[in-house]
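Keep the viewer open as you read.

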Amino acid sequence: MARLGLRRFPPLMLLLLLGLFLDAAAAAGKGKRTGGDGGGRLRFRRESGTFKVLQVADMHYGDGRSTGCEDVLPEQVPGCSDLSTTAFLYRLLRAEDPDLVVFTGDNIFGADSTDAAKSMDAAIAPAIAMNIPWAAVLGNHDQEGTLSREGVMRHLVGMKNTLSRFNPEGVEIDGYGNYNLEVAGVEGTQVANKSVLNLYFLDSGDHSTVWWIPGYGWIKASQQAWFKQTSLSLQTNYRNEEPRQKEPAPALAYFHIPLPEFRSFTASDFTGVKQESISSPSINSGFFTMMVEAGDVKAAFIGHDHINDFCGKLTGIQLCYAGGLGYHAYGKAGWSRRARVVSMQLEKTVSGEWQGVKSIKTW
């Protein structure tokens, strides 16, 4: 397979083509955002055959105007607060026009929040105000305020325009916020009722719950079992339901804490920047191997380490950092806050029919 090239992009991040197929994605058209089909279902845009996700990591939202900024240039300190984070998020939403926003944890900094529910409302407000569907997972700081980890997730699933779910029904599973979303093909086409793109969301925990194991949490066996079964079911449906497909629909995974495999890269085999150590769990629970064996996940996106924004490919899966968005979160003075965009492009037949996913790119 030919290696897809890189293009230079200004401020937020370098563009990395993920190489799902040989051909580069066609330029994304600015068709009307559907966000869904009126019944809450996500689907690709009719005009451009694209679906775009904006990943927002580590807002660390506190109490709004009264919460100051960290790691900004001296001249940026006056007047800088959580409201700067809000303004930046609005700017990104207008510039990128995503079909879905994914908040990948540490959405609020619970310890600096007087009322966790109000802080979460303020953090997510731009997506709601712009009527964009959104989904969220938890980080390791969301529950450090007035709401427990369970309470934070219950609040998230009750908010306007959310596609977040508490947990799969009827399944005994660790954590809060393990769920999947399906993205259907273009309305009016043969794949209109098929999920041509799948999104997995998992709770990577906060800190180890085993007293003799130090460090951060990890994706547990019960979560991996749910992922395996869900992936198998989605792949079976995609291959067997009309029109039948030979390959599984591609999938993306979103969670907060990096897997140990994020440590696998050297400066020569990733794109982007690595400016701090990888804060992964002290044990490897095997979720990366599970994704490789499942065969549908093309990329996993995380947050947690705010001044890393690199992507590296390992055993066929791109592992990508988003970089930190929040001004109340630690960062690096002079290094811009940022977010990650992922854009999927459908294949188009000679007759003009939109089919399955042709390529995935991220910046």
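Buried means under 20% relative accessible area, exposed over 50%, and partly exposed in between (1.4 Å probe, protein chains only). This is a predicted model: local features need pLDDT of at least 70, side-chain atom pairs count only at pLDDT 80 or more, and totals for chains, interfaces and linings use all residues. Residues are numbered from 1 along each chain as its sequence is written, and side-chain values use heavy atoms, with hydrogens and water left out.

Q: Is Thr67 buried or exposed?
A: Thr67 sits in the loop between β3 (50-56) and α1 (82-96). Helices (H or I, at least four residues) and strands (E, at least two) are DSSP runs, numbered from the N terminus. The relative accessible area of Thr67 is 6%, so Thr67 is buried.

Q: Which residues does Thr67 touch, not counting residues up to four places away in sequence?
A: Contact means heavy atoms within 4.5 Å. With residues up to four places away in sequence left out, Thr67 touches Gly62, Cys80, Ser81, Asp82 and His328.

Q: How are α4 and α5 oriented, roughly parallel or roughly antiparallel?
A: Helix α4 (residues 221-240) packs against helix α5 (residues 287-294) at about 10°, with axes 10 Å apart. Axes are lines fitted to C-alpha atoms, for helices over the stretch in contact, and angles run from 0 to 180 degrees between N-to-C directions. Angles under 35 degrees count as roughly parallel, over 145 as roughly antiparallel, 65 to 115 as roughly perpendicular and the rest as oblique. Therefore α4 and α5 are roughly parallel.

Q: Which residues of α5 meet α4?
A: From α4, the residues in contact are Gln224, Phe227, Lys228, Ser231 and Gln235. Their partners in α5 are Phe287, Met290, Met291 and Ala294.
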